[in-house]
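Open the model in your viewer and keep the selection tool at hand. The stops below each say what to select and what is there.

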Amino acid sequence: LVAKDVLALARYAEEGPSAARAHPTDEHYLPLMATLGASMPGDVLRTIHSGIEYGSLSMNCYALEEPAVGGLH
C-alpha cells in the first residue's frame with residue numbers, strides 16, 4: 001500500500017498466502033482500492049489508527065494526504 005503497487009493490491013488473493021482468511025469476501029477490501037484510485041500522485045499514506053481487537057481483527061485506519069509543504073501539514 002505504501003508503495004502504491006496497484007497490481008499487487010488488485011491481485012491480493014493470489015499474492016497473499018492468507019488473503020482468503022483475511023478477506024473471505026471482497027466488501028471490506030474493495031473500498032481500499034477505490035480510495036487508492038482516487039489518490040493523487042505524491043499523496044502520502046499516514047496511519048491514523050493502529051490496533052488489534054480480539055487477537056486477530058485489525059482496526060488499522062489510514063489516510064492519503066497531500067505532502068507537507070515547507071515542513072508544515
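Start by selecting M59, which counts as partly exposed because its relative accessibility is 37% (buried means under 20% relative accessible area, exposed over 50%, partly exposed in between, with a 1.4 Å probe and protein chains only). M59 sits in the loop between β3 and β4 (61-65); strands are DSSP runs of E with at least two residues, numbered from the N terminus.

This is a predicted model, in which local features need pLDDT of at least 70 and side-chain atom pairs count only at pLDDT 80 or more, while totals for chains, interfaces and linings use all residues. Residues are numbered from 1 along each chain as its sequence is written, and side-chain values use heavy atoms, with hydrogens and water left out.

Next, select E65 and R46. Which atoms are 2.8 Å apart here? They are the closest N and O atoms of a salt bridge between E65 and R46 (a side-chain nitrogen of Lys or Arg within 4 Å of a carboxyl oxygen of Asp or Glu). E65 lies in strand β4 and R46 in strand β1 (residues 44-49), 19 residues apart, so the pair links distant parts of the chain. The structure holds one salt bridge. E65 is buried, because its relative accessible area is 19%, whereas R46 is partly exposed at 40%.

Methods:
Helices (H or I, at least four residues) and strands (E, at least two) are DSSP runs, numbered from the N terminus.
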